[in-house]
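Please read each point alongside the sequence and the structure.

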Amino acid sequence: MSKQYNHAINHMGLSVPNLEEALKWYTEVLGFVSLGPTIVEDRSVNPDTAVFRICPPGFNKVKVAYLTTGNGVGLELFEFLDPRMDPSLASSFETGRDFRRGGIFHFAVTVPDVEAMAKKAEQHGGKRIAQTVRVFGEDGVYIQDPWGNGIEVISTSWEQLLCNRSAGNLVVD
């Protein structure tokens, strides 16, 4: 049996109803960095652009922003303009998440001060979903952005968190 290659996560994409507001939130709250100007792709103008060739059909116009995180993982923000996103169909991590439905549950961000980040998110229209807890000796809390996307805020890296678990620090308090 050959060893499986450990692939890196390159980027993820989130659909938002207002790109400018989301771009501001992700740069000001989480400190992500914008990698250039926002672009608009219109199928009627350029039907052969990559976004229309790589994605399934169903949309005709989209606005996109590209950001990077502190460890180089990318975040694409998509505002679908035609057809527009229907906010009534968006899932809210806090109140409307159907746990029977597959897909992205949350993504996690490592921060030095979990409480300060949760407060900052709330000050910028996000929500704290629950109380801060100790997970394998580290602080963690779930928040959501103003559009309902779940974000785990945790005080250490994934590897260190699981090393803490392996070291016998199994108490979640």
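1. In helix 1, residues L19, A22, L23, W25 and Y26 are buried (under 20% relative accessible area, with a 1.4 Å probe and protein chains only). They lie on the same side of helix 1, because they cover an arc of only 165 degrees around the axis, taken from the directions from the helix axis to the C-beta atoms. Helices are DSSP runs of H or I with at least four residues, and strands are E runs of at least two, numbered from the N terminus.

2. This is a predicted model, in which local features need pLDDT of at least 70 and side-chain atom pairs count only at pLDDT 80 or more, whereas totals for chains, interfaces and linings use all residues. Residues are numbered from 1 along each chain as its sequence is written, and side-chain values use heavy atoms, with hydrogens and water left out.

3. The largest nonpolar core has 26 residues; such a core is a set of buried Ala, Val, Leu, Ile, Met, Phe, Trp, Tyr and Cys residues joined through side-chain atoms within 4.5 Å. Among those with the most contacts inside this core are W25, Y26, I151 and V153. Helix 1 contributes the most to this core, namely five residues.

4. Strand 10 is largely enclosed by the rest of the structure, because five of its five residues are buried. G150, E152 and I154 point one way from strand 10, and I151 and V153 point the other way.

5. Strand 10 runs parallel to strand 6, joined to it by four bridges, and pairs with strand 9 in the antiparallel sense over five bridges; pairing requires that DSSP finds at least two bridges between two strands. A108 has E152 of strand 10 as its bridge partner, while I143 stands opposite I151.

Definitions and conventions:
Buried means under 20% relative accessible area, exposed over 50%, partly exposed in between (1.4 Å probe, protein chains only).
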